[in-house]
Structures are given as structure tokens and as C-alpha cells.
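The sequence and structure come first.

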Amino acid sequence: MVKPIYLAAAITALSVAGSLAQAYVAIQTVPVENAGNVADCRFETPGHGSVEYDYKIGKYEVTAGQYTAFLNSVARTDTYGLYNTSMWSYGRGCRISRSGTPGSYTYSVAPDWGDRPVNMVSWGDAVRFCNWLHNGQPTGLQGPGTTEDGSYFLNGASTNTSLMAVAREKDATWAVPTGDEWYKAAYHKNDGVTGNYLDYPTGSNAEPSNDLVDPDPGNNANFEHAGFTIGRDYWRTEAGEFENSPSMYGTYDQAGNVSEWNEAIIGSFRCLRGGAFSMPMNSTRASVAVTCDPIYEYDYAGFRVVQVPEPSMFVAFLAGSVAAFGPFRRRILSS
């Protein structure tokens, strides 16, 4: 089992003048190379997964502990609703609690929950987290220097219509993956610039199991099949729990746990991929995409981030960033 990352590596804090300084979030990434690889056209044309540049992607999903550090930095007054009370009150929430009153809110994550993925977050919440990373993890009100500008210009965008119009800036550093960035990291065989892809993000074409055993035998993920992989009271496994089930690029939990937001636009919706703890095994397949309103905060929805190169290192990286996966919520593109 991969050791928990929240206390060990992902967040550090220093005591300054007798008080606790804001925690620093260190995102562990893996490189996704083979720039210019061929798209996967097995299910539809023009296909998915072709990326013209090298980039890095989060090795793990953003955790509840990392998101708590974000909230404590920018949500003492939670102008744009980055915190959902269901994170604490709902039985399948990620157990982040809030104390205090507007202007003096503080946040904490329950013991043994910091290394599990954050959920109950919208697409808008995810890109604001990316702006915070882009801006150097500042502390302050939600505004241009913290959450409203950086990798994305939001300027208060908080409706479905306004969030659908938000696009990645050319000088972005941290971002929600494009549809192709996410797909490549999950399914490409990592064998050069080929168009060779696998069916599942567990590095396999064989159907994964949802067995939670130690050590992990490989090709496992957290999804619902004849019962939950892990039920009450956790539902979601810790980051990297399935230590022998990574994608070919070394990411964990792109299959199951929480379904992950990406930038793709399908009709009037944003896209999630990878399945979740409460979805069937088929939802983890390369042929399946889920669409949702970008303001919705679901118990099955979370995200991971990408670190993208400087603009001088690639040309027109926005080209192809919006993938036409096809219309319809939880659409199965192919069986």
C-alpha cells in the first residue's frame, strides 16, 4: 500500500510567532511525455488522447487535506461557495468541517480523511483551486490575486452559463486537465507517439476488480460491484491505496474513487471521467464519459490537476483542449 501523502508530504506547516502558518500544498506529479501521440479513435472520430506537448499530471486525486489547506487560505469569507456543508453533514461527504462566522471561518478535516479525495466540489471549485496554485498559494479574500484570475479568468463566474465560457489562459501553469490530457494519462500505453490505448486506467485491457486487499494484486479500483469496495464510513480509499494498479504513466485512481472533472465541453455541460466509488465497473472504461452542469457538487465528483509547460514550449495548446465526447449525461460511447 502506498503510504498516506497528506501529513507526510503533501502539506507542511510552520509555527510563526506562536501561531500556525498557512499549510503549503505540494502536488505530486508524474510526467506524461510522447508529445504528438495519435488519438484513440476506437469509439468515435476524431478520437481522444492526442496531446501535442509534454506535461505533468497529478499522481493522485486532490485530497480532502489539500482542499482544506486551500479553504483555510482563501475562504475565511467564502464568497464563491468553495465549501459545501454536505462535505461534513452528508454521510458520503469528505468530512471537512467549518467553524466560525463569515470573515473568520476556519476549516479542518476529520482524522483518517485527509488522504482521501475531496468530493462535493464543482468544476468552478476545481479551477479556483488551480488559480490558487498558479498564484503561489496566497492567503486572502477570493479575488484576482487568489481564486479569480491566474490559469483561468473567472471574475466571479458562478452560474452554469458563465462557467461554461471560462477557458484556460495561455500562461496557465496549474489547471484542470483538458479532455485529451486526462484521457492520455489514463489510457495511453506510454509506448511512444502511437495510437495504442488500453480500456481501463489500471494499465490493463482486462476488466478490473474492486477488491480491497493488501498487498494489491493489480488491476483493482474502487467502484461498486456486488457491493461497495469500501463502505461505511469511508466510501473512498486513500490516495494510491491500489499500489499495483497505476496507469501506464504512473497515475493512481483515475479509475474509480471519484469521477474527475476535466475541461471538455459536451453540449452545454462539462465532463467527468473515470467512474467513482458509487458507479459500476463499466464507468471506468475509455468509452464512457459523464456530463454535468459545472456548478453541481456531487458526492461522486472530485478532480486532479495538471502542470503545463510555459507558452514558449508549445504552440496553440488550446487547440483540441475542448473534446467533443458526445452529448448526454453518463453517455456510454461504446460497450
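Val 30 has Ile 57, in strand E6, as its bridge partner. The model is a predicted one. E5 and E6 run antiparallel and are joined by 4 bridges. They belong to an open sheet of 4 strands, ordered E5-E6-E14-E9, in which the pairing is antiparallel. E5 and E9 each have a single partner strand and stand at the edges, so one side of each is left without a neighbour in the sheet. Helix H6 (179-187) lies across E5, E6 and strand E14 (306-307), running at about 75° to E6.

Pro 31 also lies in strand E5. With a relative accessibility of 47%, Pro 31 counts as partly exposed. Leaving aside residues up to four places away in sequence, Pro 31 touches Tyr 55, Lys 56 and Tyr 249. The C-alpha atoms of Pro 31 and Tyr 55 are 6.0 Å apart, although 24 residues separate the two in sequence.

## Nonpolar cores

In soluble globular proteins, nonpolar side chains tend to be buried together. The largest nonpolar core in this model has 61 residues. Tyr 67, Met 87, Ile 96, Val 118, Phe 129, Phe 303 and Val 305 are the residues with the most contacts inside it. Elements that give two or more residues to this core include strand E5 (29-32), strand E6 (55-58), helix H2 (64-74) and helix H4 (123-134). Strands E8 (106-109), E9 (174-175) and E12 (288-292) are also among them. H4 supplies the largest share, 7 residues.

Which residues does Val 305 touch, not counting those up to four places away in sequence? They are Ile 27, Ile 57, Gly 58, Val 62, Phe 129, Cys 130, Leu 133, Trp 174, Ala 175 and Pro 177. A second, separate core has 7 residues, including Trp 182, Ala 186, Tyr 187 and Tyr 197.

H2 is mostly covered, with 11 of its 11 residues buried.

The axes of H2 and H4 are 11 Å apart, and the helices pack at an angle of about 75°. The two helices are therefore roughly perpendicular to each other. On the H2 side, the contact involves Gln 66, Tyr 67, Ala 69, Phe 70, Ser 73 and Val 74. On the H4 side, Asp 125, Arg 128, Phe 129 and Trp 132 take part. Sorted by class, this contact has 6 nonpolar, 2 polar and 2 charged residues.

Strand E11 (residues 269-273) is mostly covered, since 4 of its 5 residues are buried. E10 and E11 run antiparallel and are joined by 5 bridges.

Most residues other than glycine have a negative phi, and most peptide bonds are trans. Where do the exceptions listed below occur? Asn 34 is not a glycine, yet has a positive phi of about 60°. Asn 34 is found in the loop between E5 and E6 and is buried, with a relative accessible area of 19%; the cut-off for buried is under 20%. Gln 137 likewise has a positive phi, near 60°. Gln 137 lies in the loop between H4 and helix H5 (160-164), and is buried at a relative accessible area of 13%.

The peptide bond from Thr 45 to Pro 46 is cis, with omega near 15°. Pro 46 sits in the loop between E5 and E6. Another cis bond runs from Arg 232 to Asp 233, with omega near 5°. Asp 233 is placed in the loop between helix H6 and strand E10 (259-266).

Key:
Residues numbered from 1 in each chain as written. Predicted model: local features only at pLDDT ≥ 70, side-chain atom pairs only at ≥ 80, totals over all residues. Heavy atoms only, no water. Core = buried A, V, L, I, M, F, W, Y, C linked by side-chain atoms within 4.5 Å. Buried < 20%, exposed > 50% of the residue type's maximum accessible area, 1.4 Å probe, protein only. Contact = heavy atoms within 4.5 Å. Axes fitted to C-alpha atoms, helices over the stretch in contact; angles between N-to-C directions. Parallel < 35°, antiparallel > 145°, perpendicular 65-115°, else oblique. Nonpolar A, V, L, I, M, F, W, Y, C, P; charged D, E, K, R; others polar. Pairing = 2+ DSSP bridges.
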